[in-house]
Amino acid sequence: MESAKATSHLHPTEAPGGAAPALTADQQTLAKETVPLRHHGRTVAAVLLLLIVANLVHSMVTNQNFQWSTVWHYLFYPEIMAGLGRTLILTVVSMSLAILLGILLAACRLSENKVLQGVAGAYLWFFRGTPLLIQLIFLYNLSALYPRLGLGVPFGGPELVGGPTNSVLTLWTVALAGLALHESAYMAEIVRGGLLSVPKHQTEAAAALGMNNLLAFRRIILPQALRVIVPPTGNQVIGMLKYSSLVSVIALPDLLYSAQMIYTQTFETIPLLIVVSFWYLLCTSVLTIFQQRIERYYGRGVAGHQSTAKRGRMGLGGPRKRVRTTLSSTTAEEGQP
């Protein structure tokens, strides 16, 4: 009797034992009459886009002016591979130096010392305000201003160590210094923004737990700041890979300059530029994959960094809801697939 009474108090559309509710006559009628919304504009746009892409690919394959046989011939050419190696070395070394110098500049910008703030601000003002190409050419011709570089006693004192400017600033030194100095100005702002994104009460809580400044920075501040620092840093690394092509103006045989040296002799400009573009695209694709994995690692535990598949299964805040529409009202059922 008690079971029957309990069942009689259920909603007419609910079944005992948590089973799937039975649909009423109105709901069945509505389900039969419901038609999924069709997006004809999206379909037409997708078809047109596929036709354009297919036509572009067909024209590239069938156009003899691309000289694909020549492209394949130079794709793994020794000079091209040597230039690619120099480009990768420039990217890794100059970006590493830029990150270290950027951290130092960010610390100066966040310092309470006004002199350090002013010097760091002037550095950022100059290197972000002038083009990288001009900076490279300026460093390359620095001997016109200072025929000799050295360290010694200031204001005309004896020189301790030094040498002619052209022997100190070689092609590699100019390229690495120019790229690193320019990039460090941007890295300083990225690091500073990441550190400022961590709430101040995190530092106060760490101090209340007895942590010193170094331990609090390593265990509390830095892991949270890296979530903000890593994405733009990855973009800057990819940008550095492409900006390194500017060293061709100072005759450093990187990837682009190696291709230029070949097509100035063979006049096969388009095939060599396709080869250079292929290697840049390949390197940037690999760097993008590494960037995404690093972002996922430092962004774990944050809803915005969850994978698409996981978001599709679990949603952004809990179990998904299925909206049940009747002719009289609309209700939401928790936990329905």
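**View 1. The lining of the second largest pocket holds 9 nonpolar residues, 5 polar residues and no charged ones.** In this grouping Ala, Val, Leu, Ile, Met, Phe, Trp, Tyr, Cys and Pro are nonpolar, Asp, Glu, Lys and Arg are charged, and the others, with Gly among them, are polar. This is a predicted model, in which local features need pLDDT of at least 70 and side-chain atom pairs count only at pLDDT 80 or more, while totals for chains, interfaces and linings use all residues. Residues are numbered from 1 along each chain as its sequence is written, and side-chain values use heavy atoms, with hydrogens and water left out. The second largest pocket is lined by 14 residues, and Thr233, Gly234, Val237, Gln291 and Ile294 are those that lie nearest its centre. A pocket is found on a 1 Å grid over the protein atoms alone, as an open set of points where a 1.4 Å probe fits, with protein on both sides within 12 Å along at least five of seven lines, and its lining residues have an atom within 4 Å of a point. The volume of this pocket is about 300 Å³, where a volume is the space filled by probe spheres set on the grid points, which are joined across faces, edges and corners. At least two lining residues come from each of α5, α11 and α13 (269-298); helices are DSSP runs (H or I, at least four residues) numbered from the N terminus.

**View 2. The largest pocket contains about 400 Å³ of space.** Its lining is made of 17 residues, with Val191, Leu195, Phe217, Ile221 and Leu222 lying nearest the centre. Helices α5 (78-110), α9 (171-196) and α11 (213-243) each provide at least two residues of this lining, and α11 contributes the most, with 8 residues. By type, the lining of the largest pocket comprises 14 nonpolar and 3 polar residues, with no charged residue.

**View 3. Histidine 182 belongs to helix α9.** Histidine 182 counts as buried because its relative accessibility is 9%, the class being set at under 20% relative accessible area, with exposed over 50% and partly exposed in between (1.4 Å probe, protein chains only). A polar atom of the histidine 182 side chain lies 3.2 Å from the backbone oxygen of phenylalanine 127. Once neighbours within four places in sequence are set aside, histidine 182 is in contact (heavy atoms within 4.5 Å) with Phe127, Thr130, Leu132 and Gln135.

**View 4. The largest nonpolar core has 23 residues, of which Leu90, Ala175, Leu179, Val247, Ile250 and Leu252 touch the most other members.** Two or more residues of this core are given by each of α5, α7 (132-140), α9 and α11, and the largest share, 7 residues, comes from α9. Such a core is a set of buried Ala, Val, Leu, Ile, Met, Phe, Trp, Tyr and Cys residues joined through side-chain atoms within 4.5 Å. Not counting residues up to four places away in sequence, alanine 175 touches Leu90, Leu136, Val247, Ile250 and Leu252.

**View 5. Leucine 255 lies in helix α12 (residues 255-266).** Leucine 255 is buried, with a relative accessible area of 1%. Beyond residues up to four places away in sequence, leucine 255 touches Ile80, Gly83, Leu84, Thr87, Val276, Trp279 and Tyr280. The C-alpha atoms of leucine 255 and serine 277 are 9.9 Å apart in space, and the two residues are 22 residues apart in sequence.

Methods. A polar contact is a pair of N or O atoms within 3.5 Å; within protein, one must be able to donate a hydrogen and the other to accept it, and residues adjacent in sequence count only if both atoms are side-chain atoms.
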